[in-house]
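The sequence and the structure are shown here for reference.

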Amino acid sequence: SREDKFIYIKNVELEARLFSYDKDFFGSSDWSIRQAASIGRERGGIKVYADKFRVFGYGLKGDDWLRLDYDRSRSINKLDDEVNDFIEDPNDRPGLRIFRNASLFGHVTFKKECNSLLEITINRERLIENEAFDELRHFARIGIDFSTVIYSNLVYKKQKEKREKLVREREELAKAEEEAIRKAKEERARAEEEIVRAQEQKD
């Protein structure tokens, strides 16, 4: 929920599925990351529907109307200010994990009768870029940015746990090595003492 309502748009919905190309999710599957990425490049993106009719210029291959690929390619660690409160660890930088269009499969739908300022061009390929369109883009981008933060929280936590586990393993290994060295020194000292005692007995 948000305190400020949108001024120019209402009755707008965003529905999207987020796909992570993480090799850990594939395991022994016959479906490879390469195959998945190929489908993502061809079919990924957020499409736009006015009622039940597709506005065809959005969500096509190469279309970046939400500027996701643009921000991702430039490593821009900037998400919408409204989602910053949901970042769990201040050291995390979720903006660097923003989803590309190839990782998104979804659509924005608006009702024309409630959004008279969202005007479609004559060829039905685009919306006229005005204040209402800017809000529509902002609305969709907030949703994607929020999802990015939630995903990034999980990834960062997982990576942090891996780092901490690695540190523990290294510390345990170092302690084991120190213990082995200590025992070796003690055994060597005992052996030297036995040699000295044996020598004294001969004398």
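In this predicted model, the largest nonpolar core holds 26 residues, and among these Trp65 and Leu127 touch the most other members. Strand 2 (45-50), strand 4 (104-110) and helix 4 (131-202) each supply at least two residues of this core, and the largest share, 7 residues, comes from helix 4.

What is tryptophan 65 in contact with, leaving aside its neighbours within four places in sequence? The residues in contact with tryptophan 65 on that basis are Ile46, Val48, Tyr58, Gly59, Val108, Arg126, Phe133, Arg137 and Ala140.

Aspartate 71 lies in helix 3, which covers residues 68-73, and this aspartate counts as buried because its relative accessibility is 12%, below the cut-off of 20%. Once its neighbours within four places in sequence are left aside, aspartate 71 is in contact with Ile76 and Arg141.

On the surface, Ile7, Tyr8 and Leu117 form a nonpolar patch, and together these residues have about 300 Å² of accessible area. Tyrosine 8, one of the members of this patch, lies in the segment before strand 1 (12-18). Because its relative accessible area is 35%, tyrosine 8 is classed as partly exposed, a class that lies between the cut-offs of 20% and 50%.

The table sets out the two residues for which an accessibility is given.

| Residue | Relative accessible area and class |
|---|---|
| Aspartate 71 | 12%, buried |
| Tyrosine 8 | 35%, partly exposed |

Conventions:
Residues numbered from 1 in each chain as written. Predicted model: local features only at pLDDT ≥ 70, side-chain atom pairs only at ≥ 80, totals over all residues. Heavy atoms only, no water. Core = buried A, V, L, I, M, F, W, Y, C linked by side-chain atoms within 4.5 Å. Buried < 20%, exposed > 50% of the residue type's maximum accessible area, 1.4 Å probe, protein only. Helix = DSSP H or I, 4+ residues; strand = E, 2+ residues; numbered from the N terminus. Contact = heavy atoms within 4.5 Å. Patch = residues over 30% accessible without salt bridge, like charges linked within 9 Å, V, L, I, M, F, W, Y side chains within 5 Å. Areas by Shrake-Rupley, 256 points an atom, 1.4 Å probe, with all protein chains shown as cover. Salt bridge = Lys/Arg side-chain N within 4 Å of Asp/Glu carboxyl O.
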